[in-house]
Amino acid sequence: MSVIYALWLREVKRYLRSRPQIIASLGQPLLYLLVLGFGLGPVFQQSGQGSYLQFIAPGVIGMGILFTAIFSGIGLLWDRQFGFLKETLVAPVPRLQIMAGRTLGGATIAMIQGVLVLAVCMLAGFRPHGFAAVPLALGFMALIAVVFAALGTAIGSTLRDMQGFQLIMNFLVMPIFFLSGALFPLDNLPGALAIATRLDPLSYGIDGLRGALIDLAHLGMFLDATVLAVVAGVFIVLGAWAFSRIQV
Amino acid sequence: MISAQSLNKAFGAVQAVADVSFEVPAGEIFAFLGPNGAGKTTTIQMLTTLLRPTSGRIAIDGLDPGAQPLEVRRRFGIVFQDPSVDGDLTAYENMDLHGVLYHVPRRIRADRIEMLLKLFELWDRRKSQVKTFSGGMRRRLEIARGLLHTPKILFLDEPTLGLDPQSRNQLWTHVRHLNETEGVTVFLTTHYMDEAERMAHRVAIIDHGKIVAQGTPQELRAQTGSDSLEGAFLKLTGSTIRDERADAADQMRQMGRMWGGNRR
């Protein structure tokens, strides 16, 4: 237990000490929020869907969590050669504890990042439909964070070099984001796209966040939470398995 | 203390280590020398539970790394070829985390950290983030860290790579001191033959995955009729320059240099 805690604490300390990085990683969500939020706002309004800023804010929060969580996992790749990971792999500690500490740490910083994005959204004019919404939203943020931190660990354990990283970005992370309904409503989609969005775990996360924050769940918050919990379980097992096979 | 018998490791069709056998008795300083790509690091990785041999037997203090990895890991400290301290943490935090990983009780941990950081002249900088340290200071921290859990064996994989003569000298003085006062068995690799000649009780030379000679530096000099270990080394391994294929690690090392290498 003390090992998991120590490794978790290491991840959190590292995050809190890299302030420029925190600010930089707020840039992308902010860009989506402000440019798309205000740019597409009038069109969205005219089609009778209400405020686009209100609609897109939960999506942007989910995006912030997705990217932070996946990156923390992919950091393994670097860490394995030049960093501290090797030090932990020769320590007399079961791999499962190392993986758990790291992944929980990654999930925690992704969660903090999500809260920061939420705060920025509120500065930009986003309003949750009630204060009771916040604890529920935090629950969904935690689920999203764990799902993608575990996925990041699985990917980071499998990749051999930096070229693979581009591949993962373009063919996995970006599609997860774009297919999640973060930017557009999931109803009345053409068949293939509808299926693809249903297969994307982030769809359930964004839907849950929307349900909690603006009372607009398309799939239902119970279904959202269940799917996320199951996927989290699967990814944790997958991540633990991939991590246990790392050879330096 | 360290024993390898007919050790083999193949990566696909490439035989990285072929039929390697050696014995390192307790308290000895043993140098494992060879040109680039000869199989030194692969051998160390097998001895330290990071790689499984394709065939052959290893015993570390009588224990098999494949069967009892955690027990084996308790017994050695290692300084890797590439840095493995955490640049965002302070020197003290790096040491403390190592103590947690090796289950060193809290009170003993604090005492030993203070003793080691003072020994390696890093105590004044204990609250600084390691990314602000020079290459020599980082190396010293890695070595101090490797000793925190009082290992019986110390593995040093090219520990002096990129160090200035002062730091190098200081490092070897400490290693010799440890070997003499605490009886720590040392297994080292280096490209500097003079270091090996000065430090090692015995030397093994590996080339193309095979051990080509083994003995005390004097024996190797006599065997090849050379007046230095460097001469013996060149006679045994030839003077062709080895081109290793750049692997993923090399590419990342390059990137690390490009980005200033101070992210960690």
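# Walking through a two-chain model

Let's start with a pair of helices: in chain A, the axes of helix H7 (residues 133-158) and helix H11 (residues 221-244) come within 8 Å and cross at roughly 25 degrees. An angle under 35 degrees counts as roughly parallel, so H7(A) is roughly parallel to H11(A). The crossing in which H7(A) passes H11(A) is left-handed. Keep in mind as you look around that this is a predicted model.

Which residues bring these two helices into contact? From H7(A) come A:Leu143, A:Ile144, A:Val146, A:Val147, A:Ala150, A:Leu151, A:Thr153, A:Ala154, A:Ser157 and A:Thr158. They meet a set of residues in H11(A) that includes A:Ala225, A:Leu228, A:Val231, A:Phe235, A:Ile236, A:Gly239 and A:Phe243. Sorted by class, the contact of H7(A) with H11(A) has 17 nonpolar, four polar and no charged residues.

H7(A) has another partner to visit. Helix H10 (residues 201-214) of chain A packs with H7(A) at an angle of about 170 degrees, and the two axes are 8 Å apart. Are H7(A) and H10(A) roughly parallel or roughly antiparallel? Angles over 145 degrees count as roughly antiparallel, and H7(A) and H10(A) are therefore roughly antiparallel to each other. On the H7(A) side, the contact is made by A:Ala133, A:Leu136, A:Ala137, A:Phe140, A:Leu143, A:Ile144 and A:Val147. On the H10(A) side you will find A:Pro201, A:Leu202, A:Gly205, A:Gly208, A:Leu209, A:Ala212 and A:Leu213. By class, this contact of H7(A) with H10(A) has twelve nonpolar, two polar and no charged residues.

Now follow H11(A) along its own length. H11(A) has 24 residues, and from its first C-alpha to its last it reaches 34 Å, close to the 34 Å expected at 1.5 Å a residue. Its buried residues are A:Asp224, A:Val227, A:Leu228, A:Val231, A:Ala232, A:Phe235, A:Ile236, A:Gly239, A:Ala240 and A:Phe243. These buried residues pack against H6, H7 and H10 of chain A.

Next, move to helix H1 of chain A, residues 2-17. At 1.5 Å a residue, the 16 residues of H1(A) should span 22 Å, and because the end C-alpha atoms are 22 Å apart, the model agrees with that expectation. The buried residues of H1(A) are A:Val3, A:Ala6, A:Leu7, A:Arg10, A:Glu11, A:Arg14 and A:Tyr15. What covers these buried residues? The cover includes helix H6 (95-123) of chain A together with helix H3 (91-101) of chain B.

That brings us to where the two chains touch. The contact takes 25 residues from chain A and 28 residues from chain B. H1, helix H4 (52-82) and helix H5 (85-89) of chain A each supply at least two residues of the side of chain A that touches chain B. H1(A) gives the most to that side, with seven residues. The residues on this side of chain A divide into eleven nonpolar, six polar and eight charged.

Most residues other than glycine have a negative phi. B:Ser6, however, has a phi near 45 degrees, a positive value in a residue other than glycine. Is B:Ser6 buried or exposed? It counts as exposed, because it has 12 C-beta neighbours inside 10 Å. B:Glu121, in the loop between helix H4 (106-119) and helix H5 (135-146) of chain B, has a positive phi too, near 55 degrees. With 12 C-beta neighbours inside 10 Å, B:Glu121 counts as exposed.

B:Ile2 is also in strand S1 of chain B. A residue counts as buried if 20 or more other C-beta atoms lie within 10 Å, so B:Ile2, with 21, is buried. Leaving aside neighbours within four places in sequence, B:Ile2 is in contact with B:Val24, B:Leu47, B:Ile60, B:Ile153, B:Thr185 and B:Phe187.

Our last stop is B:Arg253, in helix H10 (residues 248-258) of chain B. B:Arg253 is partly exposed, with 17 other C-beta atoms within 10 Å. From C-alpha to C-alpha, B:Arg253 and B:Ala232 are 31 Å apart in space and 21 residues apart in sequence.

Notes: Residues are numbered from 1 along each chain as its sequence is written. Chains are lettered from A and ligands numbered from 1 in the order in which they are written. This is a predicted model: local features need pLDDT of at least 70, side-chain atom pairs count only at pLDDT 80 or more; totals for chains, interfaces and linings use all residues. Helices (H or I, at least four residues) and strands (E, at least two) are DSSP runs, numbered from the N terminus. The expected span of a helix is 1.5 Å times one less than its number of residues. Two residues are in contact if their C-beta atoms, placed from the backbone, lie within 7 Å. Axes are lines fitted to C-alpha atoms, for helices over the stretch in contact, and angles run from 0 to 180 degrees between N-to-C directions. Angles under 35 degrees count as roughly parallel, over 145 as roughly antiparallel, 65 to 115 as roughly perpendicular and the rest as oblique. A crossing is left-handed if the near helix is turned anticlockwise from the far one by less than a right angle, and right-handed if clockwise. Ala, Val, Leu, Ile, Met, Phe, Trp, Tyr, Cys and Pro count as nonpolar, Asp, Glu, Lys and Arg as charged, and the others, Gly among them, as polar.
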